[in-house]
Structures are given as C-alpha cells and as structure tokens.
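Subject: Handover of a structure and a summary of its features

Dear colleague,

Please find the structure below, followed by a summary of what was found in it. Kindly keep the display open while reading.

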Amino acid sequence: MVIRWLIVPLLVLSLGLLVVSNLVLQTSVAQNWVERKLERRSGFEWNIGSLSWTPWTGIQIRDATAELRNRESGMTDRPLCRVDVDVQIYWDTLLTGVVGLRELRLRQGTIAIPVELLALLPREEVPEKKSTPSPERSLKPEGAKRDPGSQPRKKQSESHPARGRKDDRPPANRPFRIIIDRCEVGIYSNKDQGKGGFILQNLRGELPLQGEDAPGWIECDGLALGGQVLGDPWQSRVEWRRPLLLLPSTEFEWEGLLVRSEGSIRMRGTPRFLIKIEAPAGPVRMSRLPMAVWSGMEVEAARVHMQGSLGGTLTSLASWRGDLKVNASRLGLTHMGRGDKMEFEHGSLTASLRSGALQVIDTRLQSEQLSFLGNGVIVPDGRVRGVLRVVADHDHAAVLTRFAVGAMLTGGWTRSWLTPLETPDRYYRDIQLQGTLDRAVVDVGRKGEELEVSQVWNRMVAFVKNETEETEQGMSPVRQGQFLSQ
C-alpha cells in the first residue's frame, strides 16, 4: 500500500517536470542557446522553429534552418539547410555531464548549396599529426594492389586499416548512427535564384558511424539536372569498419551502362574521402540519349570504358582531386521513329578536378563525315569557358545549317552556318562558350551573335519536337541523312 501511494506522486511529479521542461524549451532563451551552439560548431546562422523532448522519443528539433552569416547582395534568401531532426541520446551519461548521442534522424530535409559558396570553402588543408595514418593507406580500397616498385611492408601495414588487429583500431565506444528520411541535396547558382541545378532526389539511408562494425544502406530516386531526371533509382549497402565508413564494391545500371563504385570516408580526425567508379569495357545499348530523351535517339556502341576517382579532405575544396576518362568505339545514333543511323568511329572524354576547378581537358566524337571536338573549364566562383569545334563534310554541313536556321539559332536565314576549312570538302565552326553557370552564352548567330545556353536548348527542343510531330503526321518527307536535325 505504501509503495502504491509513492508511485502516484512520482508519476505526477514526472509528468509535471516533463510539461514544465517542454515549456522551457519553447522559450526564446532555450532556442537561442541551442542556435548559438550550432553556430559555433558550423559557422552558419541557425534558426529553430521549435524544441521538445520526451524520455521515449528523445529530443525533437523542428524547422531548423541554416543560412550564410554575411550574405552578399544578389544572394537568394534560400537557406543552406532546412530539416526536422530527432535526437536519441544515452540518458545515463547525463549524470557525468556528457551528452552521448545514440541516433540522429534527419526528416524531410533539404540541403541547397549555392555553387558560389564552394569558392569560400577553406583553401588549405589542416596539417595532420605524424602519428595519423596516411590518407592514401587509410583509404586504400580492399583488393588494391601494392605499387610494384615499393618495398615490401609488414603484413599488418599492408592490410586495410578497418581490417587490422583490434589493438590498432580506435575503441568502438557506444553505437551511433544517422538515419536519413526522405531528404534532398542540391547544388544551384545564386544568380539563377535557386532554379535548376543538380538535385539528389529523395535520399534515404541508415549510416552507422560509431560502435562495433555494422552494416548500413543508402538509396535515392535519382539525380536531376535542370529539371530533367538522369538515370534510375539507385541503392547501395554501406559498412562501418571503424574508423571508416565504407561503400563496398557495388554494381548498378545507369541508362544501360553497368557501373561499379566503391568508396570510403574517414570519420576520425581529418575527414578524408575517396570514391572510385568504373564501367568495365564492353558493348552498350541505350534506349534513349541521356539528357536528351526528347531527341528520339537511341545509342549503341561496340565498346565503352569509363574510369574515374574523386578524393581529398571533405572540408577543403582545394584538396579535392578528381579524374574521369571515358572511351568509346563504333558509336551509333539511331532515330527510333525512322531507323536512320549515324556512326562515329571514336568518342572520348577526359576531365579533371584540381584546386576547385573542373576542367574538361578533351572531349571528341569523330567520324569521316562529322566530328565534334571540345574543351572547357568551370572555376569555383561559377565562371565557365569553353569551345566546341564542329567539322563536317559538305552534306552534313548543309544539314547542320538547316537545323541552325530552323531552330532560330542563327537569327535568320544564312547560306552556310559553317566556314570552309583548308582541307577540301570540309567545313567547320568554333562555338565559344563563356559566362557563368547561371548565364552562359554561346556565339551561334550568323555573325557570332550570342544566345544564352538555356535559350539555345529550349529552341532546339521545340524545333525537334515540332519536326517529329510533322513527320509522324506525314506533312513533310525527310531525306536520308536529315535525321541529325531531328
């Protein structure tokens, strides 16, 4: 009986403390305190919509937004981050004054990074202590071969750090994981008022980042560029092997191309990462042309090989080093409606990322009748510059001229959109690209007049769709070889 009478007051007292504490968390004093904590940690300005907690659900932070502190003129009001957060902690550690995190759940979050911000990221790496393992060895993927010219090491040193002896690995501590629930990550241009850009859609996952080795997973609905979805939904397993979060070798299909990927992020000390992708050499057939599904073209190649990597310190753009190489042979473009086909003997792309600048060193699509050769660069502040040379024989030069005039790229009629080369029966045009990511222009006019890339794209799409509809209705016959304008 005495115990029963004690339980009731304790329950009432606990309920009262829960109500009072949640009322306190709703005050501006409590919210401002949390906001200042987040600002000191991140360097951004934070605003919190509401705070609450319960012993069984943990701490709930709703409508948390992060913005740049010193916003320059012309910058959009779009926050860098907007998310609802649920935090689970180890309550027993509070008695020692330590907040031990058990789970962090991000709900329906949006991370929107203006490309101009990338230029403001730290340009220098923080030097690591000598005792810290070298990033190359720490991020070495499983199965990577040792340089033949290097001296043999002890067996322990050659192994992946996550597979070394337990004494060589950091203590597991208590488990901690991040759960991503329907989030979106995008990169856009401020000058474009946040429209378009790259968007990773509906990102979901469970990532263990502390504790004993454990599996996890991550998936998304695809990548969108300028409102166009690229590729199919993607999913992969991940593995926590302290102190690394690993993306094991995974295979997925993108537009008919089989791609292998693997990577790792070091979660202790300097956050270094390494990602590798490869498409094994082999034939490829795509039912649609990536980024131009409106063209009605399908692609096939006798052989395609792609290899790329990206690595560095996560918080230092200057340290990021990336390379991408793509080679293809006997490429064929076929119009699905009429069956017309154009072949290229060779295609290639070589690109690199150094000190925050993305450079397309060389890209080409070549045949005896028609070739495209180009290069370009994007620097961290969003400026772009490039050139595309088009080389064609007489017949294809005429087709390209009809296309440019019909799509209103030239600003009116012109006898020839290309200029004769010194080589007999060859014509060319150098299309210059310059400006910024939000407003890049190309000189496609008869006398080099400039048009915005977005205008060129929209006019091309409209012209192709109109021509396709007229052809399907039998309004005008299409001559052999004219499919390039479709």
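Where does Val-99 lie? Val-99 is placed in the loop between strand 4 (81-90) and strand 5; helices (H or I, at least four residues) and strands (E, at least two) are DSSP runs, numbered from the N terminus.

Some notes on the source come next. This is a predicted model, in which local features need pLDDT of at least 70 and side-chain atom pairs count only at pLDDT 80 or more, while totals for chains, interfaces and linings use all residues. Residues are numbered from 1 along each chain as its sequence is written, and side-chain values use heavy atoms, with hydrogens and water left out.

Surface patches

Val-99 has a relative accessible area of 55% and is therefore exposed (buried means under 20% relative accessible area, exposed over 50%, and partly exposed in between, with a 1.4 Å probe and protein chains only). Together with Trp-91, Leu-94 and Leu-101, Val-99 forms a nonpolar patch on the surface, with about 340 Å² of accessible area in total. Patches are made of residues with over 30% relative accessible area and no salt bridge; like charges are joined within 9 Å, and nonpolar side chains (Val, Leu, Ile, Met, Phe, Trp, Tyr) within 5 Å. Accessible areas come from the Shrake-Rupley method with a 1.4 Å probe, and for residues only the protein chains shown count as cover.

A positive surface patch consists of Arg-36, Lys-37, Arg-40 and Arg-41. Here Lys and Arg count as positive and Asp and Glu as negative, whereas His and the chain ends are not counted. The place of a charge is taken as NZ of Lys, CZ of Arg, CG of Asp or CD of Glu. Arg-36 belongs to helix 2 (residues 28-42), and Arg-36 counts as partly exposed because its relative accessibility is 41%.

Salt bridges

Side chains of opposite charge can pair when their charged atoms come close. A salt bridge is a side-chain nitrogen of Lys or Arg within 4 Å of a carboxyl oxygen of Asp or Glu, and the count by this rule is 22 salt bridges.

One of them joins Asp-181 and Arg-107, at 3.6 Å from N to O. This pair links distant parts of the chain, with Asp-181 in strand 6 (residues 176-188) and Arg-107 in strand 5 (residues 100-114), 74 residues apart. Asp-181 is buried at 16% relative accessibility, whereas Arg-107 is partly exposed at 28%.

Arg-354 pairs with Asp-323, the closest N and O atoms being 3.2 Å apart. Here too distant parts of the chain are linked: Arg-354 is in strand 17 (residues 341-354) and Asp-323 in strand 16 (residues 321-335), 31 residues apart. Arg-354 is partly exposed at 27%, and Asp-323 is partly exposed at 35%. Salt bridges with shared partners also join Arg-62, Asp-86, Arg-107, Asp-181 and Arg-182 into one network.

Cysteines

A disulfide is a covalent bond between the sulfur atoms of two cysteines. With a disulfide taken as a pair of cysteine sulfur atoms within 2.5 Å, a search of the whole structure finds zero. Cys-81 counts as buried, at 16% relative accessibility.

Yours sincerely
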